[in-house]
Amino acid sequence: MSGFDDPGIYYSDSLGGDASVDEGQVRKSQLQKRFKEFLRQYRVGTDRTGFTFKYRDELKRHYNLGQYWVEVEMEDLASFDEDLADYLYKQPAEHLQLLEEAAKEVADEVTRPRPSGEETLQDIQVMLRSDANAANIRSLKSDQMSHLVKIPGIVIAATPVRAKATRITIQCRSCRNTISNIAVRPGLEGYALPRKCNTEQAGRPRCPLDPYFIMPDKCKCVDFQVLKLQESPDAVPHGEMPRHLQLYCDRYLCDKVVPGNRVTIMGIYSIKKSAQSKNKGRYNVGVGIRSAYIRVVGIQVDVEGSGHSFTGSVTPQEEEELRRLAAMPNIYETIAKSIAPSIYGSTDIKKAIACLLFGGSRKRLPDGLTRRGDINLLMLGDPGTAKSQLLKFVEKCSPIGVYTSGKGSSAAGLTASVMRDPSSRNFFMEGGAMVLADGGVVCIDEFDKMREDDRVAIHEAMEQQTISIAKAGITTTLNSRCSVLAAANSVFGRWDETKGEENIDFMPTILSRFDMIFIVKDEHNEERDMTLAKHVMSLHVSALTQTQAVEGEIELNKLKKLISFCRTKCGPRLSAGAAEKLKNRYILMRSGTRQHEQESDRRSSIPITIRQLEAIVRIAESLAKMRLQPFATEADVEEALRLFQVSTLDAAMSGSLSGAEGFTTQEDQEMLSRIEKQLKRRFAIGSQVSEHSIIQDFMRQKYPEHAIYKVLQLMMRRGEIQHRMQRKVLYRIK
């Protein structure tokens, strides 16, 4: 027992070590030193005006606020040291690590002495941004691998924020030996646990294969989030599907964007192991095949794109110019002229569209209800009257515009759908067109070709401006504060004057939700045809040469700016005089007094419901908003009443909407009920009669043909009769 407590002698060879090992280490520490100098010494400004140390101050400010990140501009780094920036472009993964270490050291220096309880130094995250030109998702090829790239796109999906270990501790199952502080590479790369435990102690069996497991409570974790980026729609070549790319964000980059934002990403183009194939056969060729993703090191949310309205970026000069524009005496006519200038005529429709783009003001009442401020517009009419072109233009010039076609969109695609996330098997919700256009305009073409049950889905979005969902355990209400601009053809394709009211097959419920209904007819008029043809030919001849805007029009970008500026800056109300005037006119309209009959020279009881009164209020407010005025005057109410007169009232007059409730006159109503009584006497429930013979019978009794068809249509809609045998025979059900 004599030599028991004799400590062993350990020595280390401190001389003549292997010199080649340290070269990489030395180079790294030199680079780190350079990075540290850059962060400490980079300054902006000149000696005369006084300069500031940009990154040092930023680090100190952020650190004291408890935000441990700093944003570095690549241009600053390049002007400080060209090589450093080049290293960071070519091999970003390792050099970004060095930059973060350097930032940590600088933060340590600038924040000393720290208050008690906060002595431990936090890691600093460095984000990069650059003014270089952005590449395209399609141009990312294998030679860009693990370089720094800059890419624009739209974020279409985001996972919840999860945790990823950066340093892990593992323990052997059998001998309880722990290895701590193993660094895990950032990104979506995993870490392969060692297969063997290499501690050998005498008298113990060897540890088995794969003995290690992770000790979760001794790991250091950071937040991370996976986003899905889709290339922006204007960059997709014609007729191709948009490409997708996975993005990995960590720490302070999480939750910076929500799906639907337009972003520009700075990131490292990296690879991860692709998912294991099902059949692990002998012919497993996918041994070197990897799938690509981008490790994000900086995000810029675009405000210029159609993601958000770009009011934040209006400079004072621009603001002054826009206010000068809005103060012009004839601004209303100018804006109407600038809407789709290549389309000839249809001035009233353009004025109505101008009102729709500016919108009224949304009112929140004290009891928590809201009244919508957006104007909805329906254009009905013949083919070839440039309805779809107007829709396309509105989509371009509104701050947020979504264009859909009636046949190709379902109820879920317009409102919202519930999907299942493939990786986590949870349900999540994807907003449709009306949710994406929140705060903008939805253009629906071919509105009459939509299926009836899909059209019902829009009802709530148009009047209450919310979309309620109860599907798959998700019960929510989404906002859809958008205007609807719809275009539709009449039932027979063209407008048929003789058929009158049958040209429309919309339910009165949806018609009353439109503030203005325009009927666009293709009239034959030689003089008008000449000017129209001349206009179209001049467009075709000078399409390329004429790029600058015509005198008296606002060009598209300025119009877009003006619209979004007015929408955010101004929310007018009716003045007292205008309100009084409107009230009187409304009562006149309702009671159908002599003056109104002189205007329309026929007896009609057009339904002017409270909705239509609110529509006129909204139009008047939008006219005031164009001039950036706080109150809508009596002149605005006059113009609003005129617009309403030429649109909805005329539509009601042209017999097009009669049959929708209240659109028919009293005598018509009596005649229809007489025909219906006789019809029901004619054939009992369960019998069949030829349609032709019925019509012949009633015609002999001097009833007008369209009235008979009208009654049959009404009864079919109520489900009392049915067509049989190629629509020749009528069959009575109830």
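## The parallel sheet and its helices

Five strands form an open sheet in the order E16-E19-E22-E15-E23, with parallel pairing; two strands are taken to pair if DSSP finds at least two bridges between them. Strand E16 (401–405) and E23 stand at the edges with a single partner strand each, so one side of each is left without a neighbour in the sheet. From one strand to the next, the twist averages 15°, where axes are lines fitted to C-alpha atoms, for helices over the stretch in contact, and angles run from 0 to 180 degrees between N-to-C directions.

This is a predicted model, in which local features need pLDDT of at least 70 and side-chain atom pairs count only at pLDDT 80 or more, while totals for chains, interfaces and linings use all residues. Residues are numbered from 1 along each chain as its sequence is written, and side-chain values use heavy atoms, with hydrogens and water left out.

Strand E15 (residues 377–381) pairs with E23 in the parallel sense over 5 bridges, and Gly381 has Val520 as its bridge partner in E23. Helix H8 (residues 347–358) packs on the sheet, touching E15, E19, E22 and E23, with contact meaning heavy atoms within 4.5 Å. The direction of H8 makes about 150° with that of E23.

The elements themselves are DSSP runs numbered from the N terminus, helices (H or I) having at least four residues and strands (E) at least two.

| Element | Residues |
|---|---|
| Strand E19 | 441–445 |
| Strand E22 | 483–488 |
| Strand E23 | 516–520 |

Met516 lies in E23 and, at 0% relative accessibility, counts as buried; buried means under 20% relative accessible area, exposed over 50%, and partly exposed in between, with a 1.4 Å probe and protein chains only. The C-alpha atoms of Met516 and Ile616 are separated by 9.2 Å, although these residues are 100 apart along the chain.

In helix H9 (residues 387–397), the buried residues are Lys387, Leu390, Leu391, Phe393, Val394 and Cys397. They cover an arc of only 165° around the axis, which puts them on the same side of H9; the arc is that of the directions from the helix axis to the C-beta atoms. Gln389 and Lys396 are exposed on the other side of H9.

Elsewhere in the chain, the axes of helix H2 (residues 54–65) and helix H5 (residues 92–110) come within 9 Å and cross at roughly 75°. H2 and H5 are therefore roughly perpendicular to each other, a term covering angles of 65 to 115 degrees. Arg56, Leu59, Lys60 and Tyr63 in H2 meet Ala103, Val106, Ala107 and Val110 in H5.

Notes. Angles under 35 degrees count as roughly parallel, over 145 as roughly antiparallel, 65 to 115 as roughly perpendicular and the rest as oblique.
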